[in-house]
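Please look over the sequence and the model first.

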Amino acid sequence: MSVQAETEFSDELMEKIVAYVEREEGRDAPLSAEDEAMVRKLLETNPAAQALADDLRSTNARLSDLFETSTEVEVPEHLATMIRAHGALRTEREGGRATGKVIPFRAEPEPAKRTRSYAPLAAAASIALVLAGGGLLYQNTVFDQERQQFQAELAGAETTLAERVTELQQLQTEQATQERRLASLADENGELGQQIAAAEAERDQLAGELESAQAAVDSALASADADREALLADVADLNSQLTTKQQQVGDLTAELTSTVDQARATTASLEQLRDDHQALETRVATLGSDNRNLTERLSATEDILAAVEQQNTTLVAAASQAEDAMRVAQAEAETARSQFELEKLALGEALGVSDQELAEADRRTTELATERDALAGQIEQSSERIAALEDDLDGALGELVSSRSTNDQLAAETEQLREQGSWLNQVVGYHRLYAGTPREVEVSAAEQEGQQALTNWFKSMLGRNFSVPDLSAAGLTFVGGRVFAVNGIPTGQIAYHDRQGQLTGFCFKPGSEDQESGPTFRQDDDLNLISWQKNGIDYVLVGWMDPAELGLIGTQLQRNYGEGI
Amino acid sequence: MSWKRQHVCDDCLVLVVWQKDDMAETKKEERPLPLEERLVALLPKLITHARMLTRSKLTAEDLVRSTCARVLDRLDQWQSTGRFDGWVIRITESIWFNERRQKRQRQEQELPDPDLIADRGFESQTYARLMLDMLRACHAVSDEDFSALMKLKIHGNSYRELADEYGDSMGTMSSRISRAWLALQTALKNLDRERAG
């Protein structure tokens, strides 16, 4: 990187560039968002800044390499051991049990104690002193210079000796101190050893007691465990029984609830059926009564009509006669008048007509006129009466037509009821005939594809699709079926066995178009029947099973069974 | 029935797991890792730091031994505040800076020890030279700044932790690190110029 780059940026800016590179390395160098954006832009646009950043990254990489190469260190094992030993010692001390082993950590091997022996030197010094003294005594003059020399040396040696003696004393003092300390430590060690021995003895005793107690406890625990296992097994067994009983109670309760609900539903259905039956009977009775009334009324109307017609004929004849008589009377009256007038004139002319005869003639004329008016009024009344009778006749004819229509309908219904009653009777007859016999069914459910064969038979004979309903939930088992004829009309039968193995038949035939009725309940001795009509099909369910149950099944079939299409 | 102890070591926690023989039950207790164990765990980084300071393998070993002795001697003074490794490093640097002062007084030369570059059979002589140059360049950085840099690189301290340890603000610590980097770069450039002649 050129020197120019270094001087190009201020210290502050260079610091920000360094912080930017540091943050690239994932470190939390302080750099605001604005400064970071500024540096980023600078690095994009300024080659010198780019070069500086690259140099920093390179230096960082080299330093990292240096640390990596240098981190292949082998930790001296003895160092780690010594540190751990120190830790163990410290732990023991903190636990209050100092051991006899005190392993002080030393960075270096303990320097050899400088136990120098100053005796030879002192002896040498002493000898030197003695020799020097003896020499001086014997050669005072000769060796004056030597004496001076020796004195100087002696002074030096004395100084050295004094220093050494002082040092020796210090060392001896230190040694004594160390020895006292050692003795104290030895005493302490001894006491501790005794304590340890006592503690160990106590520990052994306690260990023995503990073993005994442990054995007793183990034995008691084993016994308690065995008892507990047995009790747990008993409890589990009882719980299992309880669960089973609870389940049974639950099942029974559910069954009871279901049965009660079914009974209620069946009772309601039966009541409904009875009401419907009663209503139907009432309707039949009412229709019969209406029919009778209308028939009587029809007869009465016909009589009235005949009488009116007769009367009309008579009145017409009387009116005709009256008209004829009136015309004759008028003609006679005119003739008489003319004759009277002529006679009157003649008489008048003859002057011999009497007043009495004239008056008589006037009276006769008046009488004839009155008779004529009376006849005219009578004719008018007869005409009015005829018109009224004609109106009555029209009304009676209209009622007659209406009554005849109602009568026809009633007759048709009555006929239908008669026919249905006849069909049901026939179904009952067939049911009693085949039940319990080997020919109870013509097509058996046990045959291969028996159900399909049966439905095919229904289709071919009745012209419609009739499926086999699954009534197993109601306790009815499908056993087969047949087709038989009632009054020449084919009737299909699907046969079931109830829980007691008795035959229950579900029968159907084409009926009146778009008729819907029922379900209707009836009994034929011990046999129970539920019948209804739906979508032009007559249905009946017949069997010996409980009427409430039969009614329930019939009601469900009436609501849900297929359309027969 | 007996309990068996297991040891799971963390940086500063030991997780003691007691297990029954039949492994049916366990119980755990956490205890702080003994300081001695933490010191043993710190030894690799401590040795690296010492080598970077001393630039000599042997001198670094002596320095580490002296550090361990002093640390163990002063364990009672450790107050569990701050980082344990930071406390140990400070002791290391204190010992080293005193020794270096004495060496300088004795005018002893300080040259990087080639043994510091582990013998990995480098094919490239250039790479080894680059590493040695780097060691020499480290010497150009002031003691405090280089110490902070090594704590960042070797020990993974954050700027915040360093600022708290040195009693600096974040800005001041950033300046210190920036100075260290730039001093390294300048020293490396000078060495390159020397080689180029």
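The structure is a predicted model. The contact between its chains draws 52 residues from chain B and 41 residues from chain A, and the area buried between them is about 4,200 Å². The largest nonpolar core has 74 residues, and those with the most contacts inside it include A:Ile17 and B:Leu184.

**Chain A**

- Chain A contains 10 helices and seven strands.
- Of the 565 residues in chain A, 27% are buried.
- Among contacts in chain A with a separation of 6 or more, 60% are between residues 24 or more positions apart.

- The size of an interface is often expressed as the accessible area that is lost when the parts come together.
- Carbon and sulfur atoms give 67% of the area buried between chain B and chain A.
- One salt bridge is counted between chain B and chain A. B:Glu37 forms a salt bridge with A:Arg84, in which the closest N and O atoms are 3.1 Å apart.
- Seven residue pairs are in polar contact between chain B and chain A, counting pairs with both residues at pLDDT 80 or more.
- On the side of chain B that touches chain A, the elements giving two or more residues are α1, α2 (57–73), α4 (125–138), α5 (143–153), α6 (159–166) and α7 (170–196) of chain B.
- The largest share of this side of chain B comes from α7(B), with 14 residues.
- By class, the side of chain B that touches chain A comprises 33 nonpolar, nine polar and 10 charged residues.

**Nonpolar cores**

- In the largest nonpolar core, of 74 residues, the residues with the most contacts inside it are A:Ile17, A:Leu63 and B:Leu184.
- Helix α1 of chain B (residues 35–54) gives the most to this core, namely 10 residues.
- When neighbours within four places in sequence are left aside, B:Leu184 is in contact with A:Thr59 and A:Leu63, and also with B:Met134, B:Ala137, B:Cys138, B:Val141 and B:Leu149.
- Another core, of 27 residues, lies apart from the largest one, and A:Phe466, A:Leu471, A:Ile494 and A:Leu550 are among its residues.

**B:Thr67, a residue of helix α2**

- B:Thr67 is placed in helix α2 of chain B.
- B:Thr67 counts as buried because its relative accessibility is 0%.
- The side chain of B:Thr67 reaches the backbone oxygen of B:Leu63 at 2.7 Å, and a polar contact of 3.3 Å joins this side chain to that of B:Thr92.
- Neighbours within four places in sequence aside, B:Thr67 is in contact with B:Leu46, B:Val88, B:Ile91, B:Thr92 and B:Ile95.

**A:Asn528, a residue of strand β6**

- A:Asn528 is found in strand β6 (residues 527–534) of chain A.
- A:Asn528 counts as buried because its relative accessibility is 3%.
- The side chains of A:Asn528 and A:Gln523 are joined by a polar contact of 2.9 Å, and the side chain of A:Asn528 reaches the backbone oxygen of A:Met545 at 2.9 Å.
- Leaving aside neighbours within four places in sequence, the residues in contact with A:Asn528 include A:Phe521, A:Leu541, A:Trp544, A:Met545, A:Pro547 and A:Leu550. A:Leu550 also belongs to the core of 27 residues.

Definitions and conventions:
Residues are numbered from 1 along each chain as its sequence is written. Chains are lettered from A and ligands numbered from 1 in the order in which they are written. This is a predicted model: local features need pLDDT of at least 70, side-chain atom pairs count only at pLDDT 80 or more; totals for chains, interfaces and linings use all residues. Side-chain values use heavy atoms; hydrogens and water are left out. A nonpolar core is a set of buried Ala, Val, Leu, Ile, Met, Phe, Trp, Tyr and Cys residues joined through side-chain atoms within 4.5 Å. Buried means under 20% relative accessible area, exposed over 50%, partly exposed in between (1.4 Å probe, protein chains only). Helices (H or I, at least four residues) and strands (E, at least two) are DSSP runs, numbered from the N terminus. Contact means heavy atoms within 4.5 Å. Buried area is the accessible area (1.4 Å probe) that two parts lose on being put together, summed over both. A salt bridge is a side-chain nitrogen of Lys or Arg within 4 Å of a carboxyl oxygen of Asp or Glu. A polar contact is a pair of N or O atoms within 3.5 Å; within protein, one must be able to donate a hydrogen and the other to accept it, and residues adjacent in sequence count only if both atoms are side-chain atoms. Ala, Val, Leu, Ile, Met, Phe, Trp, Tyr, Cys and Pro count as nonpolar, Asp, Glu, Lys and Arg as charged, and the others, Gly among them, as polar.
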